[in-house]
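Please keep the sequence and the model side by side while reading. The paragraphs below go from one element to the next, and each can be checked by eye.

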Amino acid sequence: MPLSGDLRRLADAVLFPGFAGQTAPDWIRRRLGDGLAGVVLFSRNIADPAQVARLTAALRAENPAVLVGTDEESGEVTRLEVATGSSRPGGYALGVVDDEALTEAVARDLGGDLAAAGITIDFAPSADVNSNPDNPVIGLRAFGAEPELVARHTRAFVRGLQSAGVAACAKHFPGHGDTSIDSHHGVPVVADDGIEDALFPFREAIKEGVKAVMTGHLLVPSYDAELPATLSPKVLTGLLREELGFQGMIITDGIEMAAVSGVYGIGGAAARAIAAGADAICIGGERADEAVAVEVRDAIATAVTQGLLPEERLADAARRVRELAAWATSSGSHLPEDGDLGLTAARRAIRITRRSTAPVLPLTSAAYVVELAPEMNLAIDKNTPWGVGEPLTRLLPGTAVTRLAVGEATGAALERLIGAAAGRPLVIVVRDAHRHAWQEEALRHLLSARPDAVVVEMGLPVRSDLGAVHIATYGSARVCGQAAAEALTGGA
């Protein structure tokens, strides 16, 4: 059966594709003029806030109601500040400080920057309870490992962001924290005995009035033993809509991710997600061309003609998207915060464990910094700057910095570094050392020769008994590196 133009337009009204480049391509402009719901901006679309503001103005010229979304969690997952590193710490650092007023202020300040750039929905906060320290994709993106803590700060973040007129989007429903598989690559399973803890922050976010919820591509056997949450009517309609009472917009995580597209294809997964209760499809993180956007649109429309997706369900989804767009065009006000708010938060999150009676800190002479750089998950842009070496060099001119990736931290390479660092303070910087055997081995090698070294953990600090002094930053944002450098030199 040929697809009607009206049905195609209705399918477009629930799509949020990505695209390549820092200006809107013709196909995006054309589709927006025909009623495309919105777009998702990734690092590839962003040079600086002024450029983003010009881009979003051009999008609105085609469709004043367009929703513009991005993943700006602050901390490790930043889009607006991908070139410089985030000026605000991420969720875990805020959870460590555990000052709800601070979290709300940071989110409000972030919302002001997003609103000024023309972004109307932020795919944040992560409401996941990171109760599994081996989680490869959430980690420091969460506010912590305790449901009550995560819930408090999720609510504070939602309040702050939405007070600036930017819709918050709690993710990854029903909770990606207690998993050990990255849903970019496979299907994580949420254990039955952990589901209530995982759901608690989402319940609280809904009470706070969060405007959107993002689905996780997770299998929740206690609700649906066969379909991941994004494709499950039992989870999206039965649990999120009916049991939890959420009436806002439900948007999927990237529909091209293997956990859902691997079985049904991108278009098939998108149609099934809408049928299950989702209102919007996020696409284009990895597949960002017009052909994919057309494929998804036509798959949704075809599903209606074949009876897989009731047209009433698609129309209801489009209505919820329109309602969010209407809110976004009429809400919010922003009062400037202290320009050092993010750095202040990062400083408050620093935790120092001294294991030597020797006066290791403060460092007063040029140091040697070794940064062990693991490969990060796809949510974190690999080009986002991080580390302690650069800010420490500003404070202690002459500081030398060497960064080693997996495969480069060989015994011979480490011995050369030990020799080069002779007579100088040694600082070893790691990220999630407990999850990477090569980092642990490199630490053992370096500390056996230099027990006086300082270890700075910029990931999740499962161990604090490493080095003469151990500094935990609970994040690798630019401000976390600056706060660590200040802790090393005794300044602030």
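This is a predicted model: local features need pLDDT of at least 70, side-chain atom pairs count only at pLDDT 80 or more; totals for chains, interfaces and linings use all residues.

Residues are numbered from 1 along each chain as its sequence is written, and side-chain values use heavy atoms, with hydrogens and water left out.

Helix 3 covers residues 49-62; helices (H or I, at least four residues) and strands (E, at least two) are DSSP runs numbered from the N terminus. Its 14 residues should span 20 Å at 1.5 Å a residue, and because the end C-alpha atoms are 20 Å apart, the two values agree; the expected span is 1.5 Å times one less than the number of residues. The buried residues of helix 3 are Gln 51, Val 52, Leu 55, Thr 56, Ala 58 and Leu 59, where buried means under 20% relative accessible area, exposed over 50% and partly exposed in between (1.4 Å probe, protein chains only). Seen down the axis of helix 3, these buried residues fall within an arc of 155°, so they line one face of the helix; the arc is that of the directions from the helix axis to the C-beta atoms. An α-helix has 3.6 residues a turn, so residues three or four places apart point the same way. Arg 54 and Ala 61, on the other side of helix 3, are exposed, whereas its buried residues pack against helix 2 (26-33), strand 2 (38-41) and strand 3 (67-70), contact meaning heavy atoms within 4.5 Å.

Helix 5 (residues 100-116) has a cap as well: a side-chain oxygen of Asp 99 lies 3.0 Å from the backbone nitrogen of Ala 101. Among the elements against which the buried residues of helix 5 pack are strand 3, strand 4 and helix 6 (147-163). Just after helix 5, Gly 118 takes a positive phi of about 85°.

Strand 4 (residues 121-122) pairs with strand 5 in the parallel sense over two bridges, and Ile 121 stands opposite Ala 167 in strand 5; two strands pair if DSSP finds at least two bridges between them. In strand 5, seven of its seven residues are buried. His 172 lies in this strand, residues 167-173, and counts as buried because its relative accessible area is 4%. The side chains of His 172 and Asp 128 are joined by a polar contact of 2.8 Å, that is, a pair of N or O atoms within 3.5 Å; within protein, one must be able to donate a hydrogen and the other to accept it, and residues adjacent in sequence count only if both atoms are side-chain atoms.

Elsewhere, six strands form an open sheet of mixed pairing in the order 9-14-13-12-10-11. Strand 9 (351-354) and strand 11 (400-405) stand at the edges with a single partner strand each, so one side of each is left without a neighbour in the sheet. Strand 9 pairs with strand 14 (residues 469-472) in the antiparallel sense over four bridges, and Thr 353 stands opposite His 470 in strand 14.

Finally, Ile 300 is found in helix 10 (residues 290-305) and is buried, because its relative accessibility is 0%.
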